[in-house]
Amino acid sequence: MNRKQFDPLKIIRTFTALKILKTIAALQKYLQQQNKKTIGLVPTMGALHQGHLSLIALAKAQTAIVVCSIFVNPTQFTNALDLEKYPRPIETDIIKLEQAECDVLFMPETTEMYPQKEHWHLDIGEVEHRLEGKFRPGHYQGVMQIVYKLFVAVKPDLAFFGQKDFQQFRVIEKMAELKKLPVKLVMCPIIREADGLAMSSRNIHLTAEERQHALVLSRALNHLKNVPVKEASAQIILKEAVEMIKAEPGVELEYLEIVNADDLSEDLSHPEKGTIALVAAKVGQTRLIDNMILG
Ligand code: AMP
């Protein structure tokens, strides 16, 4: 057998059950044949890591058929270079999904999701414009646009998202409510590297040195972990955490805030709704986000 004919990926694919579908029509046909089994959806942009795979594992535990989508959605990128350099290691992603025993990979082309130019806008109020929204205006409109399309195409019973993108979860929740979509959203815990760095597809852009500096984000969040939110000392501790990040070489802080976990407002007078610290910073050229639920 010459080397060209020997394709280990092809062999793995023949023996595993992962169904790879590229069109909405094929996806819907397949799902209809599954006899009303419960469907779990895990939307991703690929470059899969343990964080994504933990969502698949949780989806497998709660639903009969797990659909993972991989689609680098252009409408949610606010920076053309970020979109261009977004990692797309599709062959290794497929192997990971096969090992995770995911049932379906939906990986459409851009033209499948956006066959023509379209206008999307959904007013979800302030939650869109705070924090990430301030630094990436329009980002969440793009996120809602693609997740809406995926929800309509897949009609999942449950959809799994990471706490890593906490604000995104709140945005999607609002979109699903306003669009009256009968899907239950499940928030899954943040998976971290052993040293505390939150896993992210963007981490591969970090140099070894930048990766060390990036640890300041989880360190700063840990500093806030037991902060007595309603007391004046909270502001002092928050300031200390901000200073910690600002002092780190190569790290440019965008925001570090403690907000109400319900609507992400600064109103902390209802601690029963939960409180969360969220951070975003650029480490070299790479933008990272992280968060921690407090108390
Ligand atoms: P992405 O591919 O970055 O769009 O992420 C796809 C899904 O994986 C989103 O729901 C993310 O919140 C989730 N996710 C990303 N990183 C992590 C992580 N470190 N732990 C848990 N979930 C994550």
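Here are some notes on this structure, point by point, for someone new to it.

1. Ground rules. This is a predicted model, in which local features need pLDDT of at least 70 and side-chain atom pairs count only at pLDDT 80 or more, while totals for chains, interfaces and linings use all residues. Residues are numbered from 1 along each chain as its sequence is written, and side-chain values use heavy atoms, with hydrogens and water left out.

2. Helix H11. Helices (H or I, at least four residues) and strands (E, at least two) are DSSP runs, numbered from the N terminus. H11 covers residues 233-246, and at 1.5 Å a residue its 14 residues should span 20 Å; the end C-alpha atoms are 20 Å apart, which agrees. The expected span here is 1.5 Å times one less than the number of residues.

3. Which residues of H11 are buried? They are Ala234, Ile237, Leu238, Ala241, Val242 and Ile245. Seen down the axis of H11, these buried residues fall within an arc of 145°, so they line one face of the helix. (The arc is that of the directions from the helix axis to the C-beta atoms; buried means under 20% relative accessible area, exposed over 50% and partly exposed in between, with a 1.4 Å probe and protein chains only.) An α-helix has 3.6 residues a turn, so residues three or four places apart point the same way.

4. Turned away from the buried side are the exposed residues Ile236, Lys239 and Lys246. The buried residues of H11 pack against helix H10 (208-224), strand S7 (251-260) and strand S8 (275-283), where contact means heavy atoms within 4.5 Å.

5. His213. You'll find His213 in helix H10. At 17% relative accessibility, His213 counts as buried. Leaving out residues up to four places away in sequence, His213 touches Glu248, Pro249 and Val251.

6. Helix H9. The buried residues of H9 include Phe166, Phe169, Val171, Ile172 and Met175. The partners that the buried residues of H9 pack against include helix H8 (139-154), strand S5 (158-162) and strand S6 (184-188). Just after H9, Lys180 takes a positive phi of about 55°.

7. Aromatic rings. Rings of Phe, Tyr and Trp (its six-membered ring) pair if their centres lie within 6.5 Å; planes under 30 degrees apart count as stacked, over 60 as edge-to-face and the rest as tilted. By this rule there are 6 aromatic pairs. In one of them, Phe71 and Tyr114 have ring centres 6.3 Å apart and planes at 40°, so the pair is tilted. Phe71 and Tyr114 are 43 residues apart, so to speak in distant parts of the chain, and both are buried.

8. Cysteines. How many disulfides are there? The structure holds 0, a disulfide being a pair of cysteine sulfur atoms within 2.5 Å. For Cys102, the nearest cysteine sulfur is that of Cys68, 5.2 Å away. Cys102 counts as buried at 3% relative accessibility. For Cys188, the nearest cysteine sulfur is again that of Cys68, 12 Å away, and Cys188 is buried, with a relative accessible area of 1%.
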